[in-house]
Amino acid sequence: MLKFEQAGTQDGPALLSLIEGDAAKGAIELFYTRRPNPVASYHRESDFVSLAVLRDGAGRPSLMAANALHRYYVEGEDREIGYLSGIRRRKDSYPRGNWLRALYEYEREHCHSCLFSILEDNANVMTFFSKHKPGAVTITPICDYKTYMVSPRLLLRFARQDLQVEQIQPDQIDTVYAFLAQHGRQYDFFPVVTDLEKQFGGLRWADCRAVWHGGCMVAFGALWEQSAYKQYIVKAYHGPMRMARALSPVLGAAGYIPIPPAGDVLRIATLTLMSAAGEDPAIYQALLGGLAEEARRRDIKILVIGLPEGNYQTDIIRPVRHLSFGSHIHLLQDAGETPYAAGGRAPHLECGWL
């Protein structure tokens with residue numbers, strides 16, 4: 001019988017080898033990693049993270065999966081839901097038996113609902129999930145999701161003189177929490193934020209900005225750098241991208257995302273908790289402009305934001321020169337859970353938690 005168990009810190013090197021075993025192929029060989037130790041890295045995602053491993057006959061991890069629990073607003077209520085990710089298998093080892101069903105059974109000890117995402121060109125993965133899940137489990141599509149990568153330089157045009165964009169001060173923290181609670185309940189899967197620096201590993205109040213109008217907070221957002229515990233690294237360039245790499249300074253001046261040397265960690269900040277009262281485009285653009293100015297001051301070269309299809313922010317981000325990739329977000333629910341009815345409230349899913 002397949003039996004998962006929790007990974008320990010000593011498993012870090014073996015798990016790092018699993019994570020870095022495959023780079024995304026194509027003109028850019030890019031891999032996502034969690035240096036220096038994946039076990040410590042995953043445990044920065046949440047107060048509770050299940051980092052499950054299967055071991056081979058020699059006791060080495062042959063398969064891993066992570067499930068980080070977060071609090072979200074769903075249909076206006078505060079709910080705890082997991083995010084299932086980081087599934088990796090060692091190439092020289094394939095578990096005998098239905099490992100996915102064994103993983104579901106193991107994770108039931110920790111939560112009864114979890115989100116997961118599948119890249120849009122990996123339809124076979126969704127087929128595998130559906131085929132091997134326990135019969136009592138339901139899988140509900142939440143949304144199509146697009147992740148955008150853009151140069152801060154191209155967002156500076158949104159800066160406004162008539163709307164104040166300011167760093168959050170200590171005496172404004174309670175106002176932020178009240179604003180995010182009021183705003184967040186309008187969406188499904190918006191984070192319930194009660195202790196920002198604890199819930200978002202590495203995010204500090206100094207990274208947060210608000211838009212004020214008439215003495216009232218009308219927008220909030222943050223620059224979240226996570227490279228201290230998870231990174232994107234370019235392994236190699238192929239074909240036309242080799243030439244593009246040589247022309248990177250020229251392309252950067254034209255507003256394209258910079259192309260770093262192979263082996264470099266990408267300097268990325270994720271635009272996080274982006275919220276504008278009334279979904280007002282002018283207010284949202286002012287927030288973008290203020291955060292872009294701060295990113296430029298810090299020499300951050302790439303800003304990342306993830307948006308569900310149909311979100312009002314997409315109409316503002318999409319026309320800006322960018323790179324993007326798509327995915328599909330699903331909700332997995334155990335038997336006994338009230339089935340989620342998609343379409344009631346618009347979804348809001350934090351890219352930094354996916």
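Reader: Which backbone oxygen lies 2.4 Å from a polar atom of the side chain of S46?

Author: In this predicted model, S46 is found in the loop between α2 (38-42) and β3 (49-55). Leaving aside neighbours within four places in sequence, S46 is in contact with A68, L69 and H70. Of these, the residue whose backbone oxygen lies 2.4 Å from a polar atom of the S46 side chain is L69.

Reader: Which backbone nitrogen does the side chain of S46 reach, and at what distance?

Author: The loop that holds S46 runs between α2 and β3. Within that region, the side chain of S46 reaches the backbone nitrogen of F48, at 3.2 Å.

Reader: Is S46 buried or exposed?

Author: A residue counts as buried when its relative accessible area is under 20%. The relative accessible area of S46 is 13%, so S46 is buried.

Reader: Which residues are the closest to the centre of the second largest pocket?

Author: About 230 Å³ of space lies in the second largest pocket. Its lining is made up of 13 residues, and the closest to the centre are S46, D47, L69, R71 and Q199.

Reader: Which element gives the most to the lining of the second largest pocket?

Author: Two elements give two or more residues to this lining, namely β4 (61-74) and α6 (196-199). The one that gives the most, with three residues, is β4.

Reader: How many residues of the lining of the second largest pocket are charged?

Author: The lining holds three nonpolar and four polar residues. The remaining group, the charged residues, numbers six.

Reader: What covers the buried residues of α5?

Author: Helix α5 has twelve residues and reaches 16 Å from its first C-alpha to its last, close to the 16 Å expected. Its buried residues are I173, V176, Y177, F179, L180, A181, H183 and G184. What covers them includes β4, β9 (190-191), α6, β11 and β13.

Reader: Why is Q169 classed as partly exposed?

Author: Q169 is found in the loop between β8 and α5 (173-184). Partly exposed residues fall between the 20% limit for buried and the 50% limit for exposed. Q169 is partly exposed because its relative accessible area is 38%.

Reader: How far apart in space are Q169 and R209?

Author: A polar atom of the Q169 side chain lies 3.3 Å from the backbone oxygen of Q167. R209 is 40 residues from Q169 in sequence, and the C-alpha to C-alpha distance between them is 9.5 Å.

Reader: Which residue caps the N-terminal end of α9?

Author: Helix α9 covers residues 281-297 and reaches 24 Å from its first C-alpha to its last, close to the 24 Å expected. At its N-terminal end, a side-chain oxygen lies 2.9 Å from the backbone nitrogen of A282. The residue that provides this oxygen and caps the helix is D280.

Reader: Which residue with a positive phi follows α9?

Author: Helix α9 has 17 residues. The phi of the residue in question is near 65°, and that residue is D299.

Reader: Against which elements do the buried residues of α9 pack?

Author: The buried residues of α9 include I283, Y284, L287, L288, L291 and A295. The elements against which the buried residues of this helix pack are β8 (164-167), β10 (208-213), β11 (216-224), β13 (268-276), β14 (302-308) and α10 (314-317).

Reader: How far apart in space are L307 and K146?

Author: L307 lies in strand β14, and its relative accessibility of 3% means that it counts as buried. Beyond four places in sequence, L307 touches D144, Y145, K146, Y148, Q313, T314 and I317. L307 and K146 are 161 residues apart in sequence, and their C-alpha to C-alpha distance is 5.4 Å.

Reader: Which residues does T140 touch, not counting residues up to four places away in sequence?

Author: T140 has its place in strand β7 (residues 138-150). At 16% relative accessibility, T140 counts as buried. The residues that T140 touches are I329, H330, L331, Q333 and Y340.

Reader: What percentage of the contacts between residues at least 6 apart in sequence join residues at least 24 apart?

Author: The chain has ten helices and 15 strands, and buried residues make up 53% of its 354 residues. Among contacts between residues at least 6 apart in sequence, the share joining residues at least 24 apart is 77%.

How values were computed. Residues numbered from 1 in each chain as written. Predicted model: local features only at pLDDT ≥ 70, side-chain atom pairs only at ≥ 80, totals over all residues. Heavy atoms only, no water. Helix = DSSP H or I, 4+ residues; strand = E, 2+ residues; numbered from the N terminus. Expected span 1.5 Å × (residues − 1). Buried < 20%, exposed > 50% of the residue type's maximum accessible area, 1.4 Å probe, protein only. Contact = heavy atoms within 4.5 Å. Polar contact = N/O pair within 3.5 Å; in protein donor to acceptor, adjacent residues only side chain to side chain. 1 Å grid on protein atoms, 1.4 Å probe; cavity = no way out; pocket = protein on both sides within 12 Å on 5 of 7 lines; lining within 4 Å. Points joined across faces, edges and corners; volume = space filled by probe spheres on them. Nonpolar A, V, L, I, M, F, W, Y, C, P; charged D, E, K, R; others polar.
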